[in-house]
Amino acid sequence: MEFNSSSPGIIPVVSTFASPFDNSSFSSPVNKKPLSLWPGMYHSPVTNALWEAKSKIFERLLDPPKDAPPQSELLTKTPSQGRTTILYNFSSDYILREQYRDPWNEVRIGKLLEDLDALAGTISVKHCSDDDSTTRPLLIVTASVDKIVFKKPISVDIDLKITGAVIWVGQSSIEIQLDVIQSTKEGSDASDSVALTANFIFVARDSKTGKAAPVNRLSPQTECEKLLFEEAEARSKLRKRKRGGDRKEFENGEVNRLEVLLAEGRIFCDMPALADRDSILLRDTRLENSLICQPQQRNMHGRIFGGFLLHRAFELAFSTAYAFAGLVPYFLEIDHVDFRRPVDVGDFLRLKSCVLYTELENPDQPLINIEVVAHVTRPEIRSSEVSNTFYFTFTVRPEAKARTNGFSIRNVVPGTEEEARHILERMDAKALQSGKCTRKDIYAFNS
C-alpha cells in the first residue's frame, strides 16, 4: 500500500545522501542558512525533514530573542493542531531504503527509535509554541518513554508512516502518542496496519531560569481523544504514586519470593558443579560498551539527542539477547524509561547490559528481558552517575528457531539479594503496565 505524500499535514522523508551530479536536494534560498549548517542539531533523514518543515520554529529556538519575556498567556489547543505525520517512501527511494535496511530486510528498529523521539519532540515544540516571536521559547526535554510496543514486522520495501499527536497535558508535562503504520494489503483494517505504538513524555523548562514552566492547555474534541486523555491522566497519577515510595504491595510476601529466586543462585555460587545446567547466573550474561559523546550527536539545546541514546541502548540489548539465546532475537517492547540526567557533548558514556530474567511459560514464545544502564563517567573526579535505564523485551525470530533442533532458553538466576530484589521490582512494574495491552495483541503477528 502506498501513502499519498501530497496530503495535507504529511511530511515526506528523503534520504540524506544525494548524487554528486545533482545538488538540487540541498538547494535553499540565499537568505536562509542550510540545515546542514545549523549548529546543535542531530541530523538524520527524519530530523532533516522535520526541521525543514518547521524551520521557523526551530530557527527561533536556535537564536531566541535576547532578554525576551516569557509567554504571558497560555493558549488552548486541540490534538489535531499538533498532529504530524511523516512518510517514508521506501517503495520509490532506493537510497532511503538502504539507510534503514537491516540484515533481515526489515526496518532497523534502532533508527526507528531515533525517529520516534525526533517526531515526538517536534510535536511537543509545536504544542508549546505561542507563535509570538517576541517571547522566549520554552526548553522541551524528553522526560521518559512510557512504553513502546512492537506488534508486527516492518518491511523496508513498503511505504511507512508515523503519525503522532499530543494526548495529554499536565502543568509542565506533555504526553505524545505515536503510531507506526504500514499496510501490506489494500483495504485492510486500520488497526491491523499499526506495527508499533509508543508514548513519550516531555517536560517544559524556562530557557532562561531552567525551572519548570507551564505549557499550553489541551482540549480533546473526539470521544477517542477524550479516552486517551483519561488513560494518560491515570498513568500520570500512577507514576506520582510510585515516586512517592509506596512499596507496601511489593513488600507483602517479598521474603518468600526472594528466597525462591536466590535458592538456585546460592547453588551456583557455593556448589557450581551441582548447579542446574539449564540456568545461568545473571552476572554471566553481562555485556558493555562505551563511547565519547560527539558534537554531531547533539540536539538543538546542545545536549545529546535522546533518540541517539535509545538507538545505542537498543543495539546493545539486541546483542545481549543474541549472545544469550544463540539465535537471532526478535524485538517486542520497551518498558518505561526515565531520562534521569542529561548527557552532554564530551561525556564518557558507558552502557552496561544484562539479561535480567526470562519468561519460559510459553515454549513457543520465550521472553528475554534485557536491562541496559547508561552511566555518565568522569574519571578525573572519580564520578559515575546513571543517566538512563532501559528495559527491553525480546523473543526469538520464528524462522531462526525453526532451523534449530532442541532449542531452549536458559533460566536466569540472581547471585545476590540486591539482584533478586531488582528482578522482583521489574517483574512487578511490568505487571502494572501490562494492563494497557495483552500478550495476545503483542504476539498476534506470529499466529
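**Aromatic pairs.** I started with the rings and counted 17 aromatic pairs. The rule I used pairs rings of Phe, Tyr and Trp (its six-membered ring) if their centres lie within 6.5 Å; planes under 30 degrees apart count as stacked, over 60 as edge-to-face and the rest as tilted. One of these pairs is F314 with F392, edge-to-face at 6.0 Å centre to centre and 65° between the planes. I then checked where the two sit: F314 belongs to helix α10 and F392 to strand β15 (residues 383–396), so the pair ties together parts that are 78 residues apart in sequence. Helices here (H or I, at least four residues) and strands (E, at least two) are DSSP runs, numbered from the N terminus.

**A caution on the model.** I keep in mind that this is a predicted model: local features need pLDDT of at least 70, side-chain atom pairs count only at pLDDT 80 or more, and totals for chains, interfaces and linings use all residues. Residues are numbered from 1 along each chain as its sequence is written, and side-chain values use heavy atoms, with hydrogens and water left out.

**More on F392.** I looked at its other partner, F390: the ring centres are 6.2 Å apart and the planes are at 25°, so the pair is stacked. F390 is buried at a relative accessible area of 1%, and F392 is buried with a value of 1%. Buried means under 20% relative accessible area, exposed over 50%, partly exposed in between (1.4 Å probe, protein chains only). F314, F390 and F392 are members of one aromatic cluster, which also takes in W104, F150, F318, Y322, Y330, F331, F339 and F394.

**Charges over rings.** Next I looked for Lys and Arg ends above rings (NZ of Lys or CZ of Arg within 6 Å of the ring centre and within 35 degrees of the ring normal). The charged end of R426 sits over the ring of Y391, 3.6 Å from its centre. K111 does likewise over Y100, at 5.0 Å.

**The core.** Which residues touch the most other members of the largest nonpolar core? I found Y88, L178, F200 and F392, out of 97 residues. Helix α10 (residues 306–325) gives the most to this core, with 11 residues. A nonpolar core is a set of buried Ala, Val, Leu, Ile, Met, Phe, Trp, Tyr and Cys residues joined through side-chain atoms within 4.5 Å.

**Two polar residues.** S353 lies in strand β13 (residues 348–359) and is buried at 2% relative accessible area. Its side chain makes a polar contact of 2.6 Å with that of T320. For a polar contact I need a pair of N or O atoms within 3.5 Å; within protein, one must be able to donate a hydrogen and the other to accept it, and residues adjacent in sequence count only if both atoms are side-chain atoms. T142, in strand β4 (residues 138–150), is buried too, with 16%. The side chains of T142 and D117 are joined by a polar contact of 3.2 Å. Contacts of T142 (heavy atoms within 4.5 Å) include F200 and F339, leaving aside residues up to four places away in sequence.

**Cysteines.** I counted 0 disulfides, taking a pair of cysteine sulfur atoms within 2.5 Å as the rule. C293 is buried at 2%, and C354 is buried at 2%.

**Whole chain.** Finally, I noted 13 helices and 16 strands, with 51% of the 447 residues buried.
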